[in-house]
Amino acid sequence: MTRQAPAPTAAHTTTAALALGDDALVLSHRLGEWMGHAPVLEEEVALANIALDLLGQARILLSMAGDEDDLAYLREERAFRNVQLVEQPNGDFAHTIARQLYFSTYQHLLYDRLAAGRSPFAGLAAKAVKEVAYHRDHAEQWALRLGDGTDVAHERMRRACTALWRFTGEMFRPLDGLDLDPAGLEPDWLESVGGILGRAGLALPEGPRTGAWTAGAGREGLHTESFGRMLAEMQHLHRSHPGATW
Amino acid sequence: MATAAAHQTARTHGNAGQEGGIADETYQRVFDATVAADERIEPRDWMPDAYRATLVRQIAQHAHSEIIGMQPEANWITRAPSLRRKAILMAKVQDEAGHGLYLYSAAETLGASREDLLDKLHTGRQKYSSIFNYPTLTWADVGAIGWLVDGAAITNQVPLCRCSYGPYARAMVRVCKEESFHQRQGYELLLALSRGTPEQHAMAQDAVDRWWWPSLMMFGPPDDESAHSAQSMAWKIKRHSNDELRRRFVDICVPQAESLGLTLPDPDLKWNEERGHYDFGPIDWTEFKEVLKGNGPCNEQRITQRKRAHDEGAWVREAAAAYAAKHSPRTEVEQA
């Protein structure tokens with residue numbers, strides 16, 4: 001943030017890099033909270049693997065905008081640009097899987113398009129799209145198992161999909177610095193997520209896809225209540241030792 | 001397990017097992033000769049019941065240690081002070097889950113089941129390494145665990161790469177490679193702290209002060225009090241005595257502590273020219289026994305968290321099983 005580039009195009013790139021980097025950073029952090037708590041050992045490995053991929057993406061994206069650690073550890077809540085979806089608390093496993101399904105499907109469509117373009121994000125996207133395809137597959141496989149497993153799991157998955165639905169609209173708002181309009185990804189996203197939920201015996205939730213608040217949402221630095229607490233935990237050690245290297 | 005053992009024996013040796021004592025003696029001779037020749041015992045080979053039981057216990061407790069050992073380090077994932085350190089720590093904890101998986105697989109080759117072993121862990125009928133009952137109070141503890149705890153684990157485990165039971169030995173080769181990497185990362189973390197600000201240096205020293213003695217206890221009781229040692233060495237499951245490995249570890253750590261610029265909390269620690277080893281002070285075996293009995297600082301917390309993860313995950317495992325039953329009719333028929 002302190003290294004604001006002068007050229008408008010670079011500034012736009014910074015805006016997009018921060019937004020996408022914050023998405024990956026925050027979701028990675030949430031997944032890291034699962035470690036030691038997963039329902040089965042294989043999921044300890046899988047969730048950590050996804051968290052690591054996302055953290056790797058975050059580091060590249062934040063470095064495009066400045067110093068990765070300054071940006072991660074020294075910005076306050078109102079300066080973060082991630083969508084509200086990724087900061088939602090883990091909840092139960094169904095909640096985590098619904099969040100993964102919504103977000104990884106979006107990220108896959110986005111990176112697939114960016115990888116084909118000529119923007120500064122093309123290189124990162126070409127590498128990350130392979131990781132994200134795996135994340136999407138993982139979320140899909142679990143959505144099917146939870147939706148079409150037992151009655152208990154079905155109900156939990158249905159509730160999770162509904163609870164997170166209001167955060168999905170934000171992903172398709174315009175984002176400065178991208179050479180594409182995220183709104184263009186929306187039909188494919190609806191078809192993909194709808195198809196998976198359909199095969200899981202679930203349907204796309206009804207109801208609004210954004211909160212009714214004109215002040216905006218995560219991309220404008222307006223977050224949900226749990227986010228500040230998440231940052232407090234994430235940043236406290238780094239902030240306690242100003243200027244130290246680790 | 002007894003059933004599985006009998007089944008495997010029958011598969012390998014036809015009906016010879018029915019001939020009773022004489023046949024068992026023959027098998028015992030083949031087994032002894034295999035061990036004496038430093039060859040590997042494999043899952044389908046005949047083996048003494050006590051050898052099988054000892055290995056199941058040891059491998060299971062090793063696996064349990066990997067998964068309980070995720071907790072003290074995962075405690076710092078959300079607070080790691082740089083993104084690079086956070087990535088390293090996440091990768092390490094992920095590796096530990098993977099090691100747990102290898103080791104449960106190795107135990108399963110002996111006829112145990114992962115589910116049953118986990119149940120034994122959750123109900124306190126099987127143990128895990130006493131070291132993981134200590135708390136991680138500062139970021140430097142993550143480095144101290146890497147350097148000292150993983151260092152002690154490697155000292156213990158490298159000889160296990162030549163253990164007489166093939167699947168365990170092979171698991172150890174993979175585990176040791178990754179552990180060595182973690183150990184170097186832990187050392188490097190402490191080095192960065194030691195050379196950092198005065199506060200960081202103090203944090204590193206404090207962590208080493210707290211982890212040094214518990215790390216020495218990882219090698220188990222002294223040789224004259226070690227219940228299983230003699231038999232395990234005869235079977236070549238174990239290659240060196242507890243005290244011998246502990247001595248080797250101290251000899252390795254002292255110069256490393258010096259190059260870290262940190263001290264070890266033992267006023268009796270000094271080089272013994274005559275023995276060619278470092279002398280060190282007495283270990284508090286009362287503390288060791290209390291921790292093993294469940295009275296360490298985190299015993300209750302560790303098992304409670306493990307059980308909670310398992311219990312709260314039951315509906316997920318049930319959903320996966322129900323889905324598999326619905327969508328893989330052939331598997332269902334085979335299992336029936």
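**Pocket and cavities in a predicted model**

Reader: How do the residues of the lining of the largest pocket divide into nonpolar, polar and charged?
Author: This is a predicted model, in which local features need pLDDT of at least 70, side-chain atom pairs count only at pLDDT 80 or more, and totals for chains, interfaces and linings use all residues. A pocket is an open set of points on a 1 Å grid with protein on both sides within 12 Å along at least five of seven lines, and lining residues have an atom within 4 Å of a point. With Asp, Glu, Lys and Arg as charged, Ala, Val, Leu, Ile, Met, Phe, Trp, Tyr, Cys and Pro as nonpolar, and the others as polar, the lining divides into 18 nonpolar, 17 polar and eleven charged.

Reader: Which element gives the most to the lining of the largest pocket?
Author: The lining has 46 residues, and B:Q58, B:Q61, B:M218, B:F219 and B:G220 lie nearest the centre. Helices are DSSP runs of H or I, at least four residues long, numbered from the N terminus. Seven residues come from the leading contributor, α3(B).

Reader: What volume does the largest cavity have?
Author: A cavity is a set of points where a 1.4 Å probe fits but cannot get out. The lining residues include B:R85, B:W139 and B:H182, and α5 (83-108), α7 (140-157) and α8 (166-194) of chain B each supply at least two. The space in this cavity is about 90 Å³.

Reader: Which residues line the second largest cavity?
Author: Residues are numbered from 1 along each chain, chains are lettered from A and ligands numbered from 1 in the order written, and side-chain values use heavy atoms, leaving out hydrogens and water. About 40 Å³ of space lies in this cavity. Its lining consists of A:G36, A:L41, A:E44, B:I67, B:M70, B:Q71 and B:R306.

Conventions. Grid points are joined across faces, edges and corners, and a volume is the space filled by probe spheres set on the points.
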